[in-house]
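The following exercises are to be worked through with the sequence and the structure in view. Each task is followed by a solution in steps.

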Amino acid sequence: MNSAVLLLILLGYLGILFFIAHWAEKKENVKWTNNSYIYSLSLAVYCTAWTYYGSIGVAANSGLSYLPIYIGPIIIIPAWIIILKKIIRISRVNKISSIADFISLRYGNSRFLGAIVTVVCLAGILPYIALQLKAISETFHIVTKTKSSSYIFDDTTTYVAVALALFASYYGTRYVDASEKRKGIVTAVALESILKLVFFLIIGIYVTFFVFDGYDDIYAQASLLDNFKEKNTIGGLEQGLNWFFLSMVSLFAIFLLPRQFQMAVVENNRERHIKTAIWLFPLYLLLFNLFVYPIAWGGNVLFEGKNVNADTYSLLIPQYFNNTFLTILVFLGGFSAAISMIVVSSISLSTMLSNNLLIPYTFLGKLRSEEQVINNKKIVNIRKFGIFLLIISAYFIYRFFALDYNLVSIGLISFVIIAQLAPSFFGAIFWRRGSRMGAIYSIIIGFSVCIYTLLIPYATGLTNSNSSFISEGLFQIELLKPFELFGLNYLQPVPHALFWSMLFNTLTYFAVSVSFKGNYRERNYAEMYVDIDKYSNNHENAFVWKGTAYTSDIEKVLIRFLGNERTKRALNIFNLKYNVDKNQELADARLVKFAENLLTGHIGTASARILISSVVKEEKITLPEVLKILEESKENIITNKKLLETSNELKEITSQLQKANETLVRKDIQKDEFLDTVTHELRTPITAIRAASEILHDDDEIPEELRKQFLQNIISESDRLNRLIDKILDLEKFETGKQTIHPKQNNLIATIENSIEPLKQLIKNKNISIYIESKDTVLAYYDEDRIIQVITNLVSNAIKFCPDNDGLISIQVLIKDEFVITSVQDNGKGINPNDFDVIFDKFYQASNQNFKKPVGSGLGLAICKQIIEHHKGKIWAEPSTKGASISFTLPLKNNENTDL
């Protein structure tokens, strides 16, 4: 393929990444960018060109030896819910923006320790970035079928490196505060993670099922190759130990690699995102490894006897079959894997370089005297310069060193170097006795052993037969051979270097920490790291500091870096949080810690401490005093927690009492309405009976016809009075559980017809049409007398509210699941939707005149509700296009315990 065309494709691809990053930075798109899936996919920055190409090379040359690099992370990922959450919480409350700040802050905010961690990271990651550039260069020449040029400006990688430096410096330095979230970078990396996985799966499917006839076919042909069986076994104890140490180094890497710390910790927006990451990230790694073996051994079969680089099988196979489109897709996937690592690593390293080396050791004095705008510009420029310097340095390493080694060898060296931070890092969050001196000496000694057993031999050259250092050892002492130190000759170079470096590193860390106690500041931060859950909400309270400090002096320092407006806003928040008078002159330990945190994101933990220390006068504190203060702080926190819990309980009790009171008031009102309505309903027939009786008593000459009418009125009102009393007693029995129902299987359609029969004359008199929409037999379990009472009441209500002309009542019966639903609907004035839940209250009509019935007791629907609920059913009103619609359910099968 033409080089210019491929270069244009790359530029277009980079342009898309610029657009995605720019789009993600906009506030209106935050719902798409700030979610657990974007976060989890961004962690796949772990899968670099080494994963994309190098794993295939290892599988082709060494069989299953590529697996330990993924076994380590998968083993430890379930523990993320505890370990990673703890690291994120520590970093959030302390505004930490890099792994160097994380370690140095724990050990007393040590500037020197932060510098050492930065140097170790630079030594480990710059060759790793060079590895990515090497992968881009080699694969570009494979796709274009061109040869690499020794002239820098003829090398395409030169321009790629410059473009990546521009991208990283622009989107990686948008915020002066390095602890701010870079949504653009995170979203772009997440997109690249999807693309590189999809493209890798496509080539895997192509090789497995189109070039070959599935896994079995590849295995059958590969098994005929030389040394197939030897390469594809784990081996004995020696090989098992090699696997163990490779798994351990990858386990450390998932926490300690600067790019992983950047994505997993610094860029984390919500701790709950970890819950998605602990299953999605291992799944991602699993999918990535599904086709490594088929591609590797399929390539071995296709290119047997040919001198080709096994790392590039994924490109060579589609190219071998003249599939240009697939070749370009695979190349873009590898390009994505490489540039995501380069960009994120350069951002994290530039933050460490500026905050732990350049600013504290060179620029801090100048920044102290400048205005905020100038300071911010200088800090951003320092980081931009750092990114350019890092990528260009990595480019020259690629040009003059990395060309002679394969992807895996450089990657594993980087892993071993970064692993030297492990004892100090994990000791920081789990061991209170870990000290600054222990961390410093352990890292230096471990790194020195790593240099001796790995870096010097690789720099000298593995194939250099003239090197007596490798073959005979230092000073020709056989026990000092770098690859067989002290006679240990059964480990491969990388596991061998990891074993000895970590042994000396760990022993030094524990021995020095136990022998030399740290100062009060180290012990203070040790408590805050190890017990972060206790201090996460009010961590300023746990900061031990004694001396004299003025609020105005601290404010002036903050203004030089944050500006006047942001400083005022921050101090207002502090004053409100701790109930501090804004006019208070003297600052306490909480404000000192608060101010250091505000500056940390801008200039790093060490420089923040130096600046604040320059305007306050701190007094020395003995270790017993620190422990006493911390104990008091713990007691205060426990007391505050108990007070908060008690306050919350009181609030809950108050809320419950308020609800209970509201219920009692409502019940009291209902009781008054009930008594008022009952009195009214009872008085009406009694008054009518009394009036008729008095007339009959006082007038002996009343005509016979009129006398009969009065007697009939007395009988009618007596019946009405009797019905009302029956209903009140009936309702009381239902509510107190004394009422009994006797359900049995009945035909509901027949029951409905029987209920309507006594009402037919009334229906006819009002010219109402009534329809039962289901004429089939519907069997259900219920007490027929009681359901007749319900249907009669509902139909009677419908008759009352139907219009004088063209009245219509429809009754619908439907079977749904284990219940039968009966609906009674009319075309009257309907029910207010706001009243759907209250129409079943006793005497509802008495206080709701919009729904007052012309006649009736107001107890009908309340009794209906009790009857239906005793049948284990429900009754409700629902919206209707016109008129009212009330439905109820009855069981199709017999429900036990219905006799109450």
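**Exercise 1. Determine which residue of the hairpin of E6 and E7 takes a positive phi.**

Solution. The hairpin of E6 and E7 has two residues between the strands, and Asp 817 takes a positive phi near 55° there. The names follow DSSP runs numbered from the N terminus, where a helix (H or I) has at least four residues and a strand (E) at least two. The model is a predicted one, in which local features need pLDDT of at least 70, side-chain atom pairs count only at pLDDT 80 or more, and totals for chains, interfaces and linings use all residues. Residues are numbered from 1 along each chain as its sequence is written, and side-chain values use heavy atoms, with hydrogens and water left out.

**Exercise 2. Describe the pairing of E6 with E7 and with E4.**

Solution. Two strands pair if DSSP finds at least two bridges between them.
- Step 1: E6 (residues 807-816) and E7 (residues 819-826) run antiparallel and are joined by eight bridges. Val 813 has Thr 822 of E7 as its bridge partner, and Ser 810 stands opposite Gln 825 in E7.
- Step 2: E4 pairs with E6 in the parallel sense over five bridges. Here Ser 769 is opposite Leu 808 of E6.

**Exercise 3. Which order do the five strands of the open sheet have, and which strands stand at the edges?**

Solution.
- Step 1: The order is E4-E6-E7-E9-E8, with mixed pairing.
- Step 2: E4 (768-772) and E8 (875-877) are at the edges; each has a single partner strand, so one side of each is left without a neighbour in the sheet.
- Step 3: From one strand to the next, the twist averages 15°.
- Step 4: Helix H33 (residues 748-756) packs on the sheet and touches E4, E6, E7 and E9 (885-891). A contact means heavy atoms within 4.5 Å. The direction of H33 makes about 160° with that of E6. Angles run from 0 to 180 degrees between N-to-C directions, and axes are lines fitted to C-alpha atoms, for helices over the stretch in contact.
- Step 5: Helix H35 (residues 784-801) also packs on the sheet, and its direction makes about 170° with that of E9.

**Exercise 4. Characterise the packing of H35 and H36.**

Solution.
- Step 1: The axes of H35 and H36 (residues 860-870) come within 10 Å and cross at roughly 145°.
- Step 2: Among the residues of H35 in this contact are Ile 787, Val 790 and Leu 794, and those of H36 include Leu 861, Cys 864 and Ile 868.

**Exercise 5. Is Thr 158 buried or exposed?**

Solution. Buried means under 20% relative accessible area, exposed over 50%, and partly exposed in between (1.4 Å probe, protein chains only). Thr 158, in helix H9 (residues 156-171), has 11% relative accessibility and therefore counts as buried. Leaving aside residues up to four places away in sequence, Thr 158 touches Ile 152 and Tyr 395.

**Exercise 6. Explain why H16 is largely enclosed by the rest of the structure.**

Solution.
- Step 1: Eleven of the eleven residues of H16 (residues 292-302) are buried, so this helix is largely enclosed. Trp 297 and Asn 300 are among them.
- Step 2: The buried residues of H16 pack against several helices, including H4 (49-62), H10 (183-211) and H15 (273-289).
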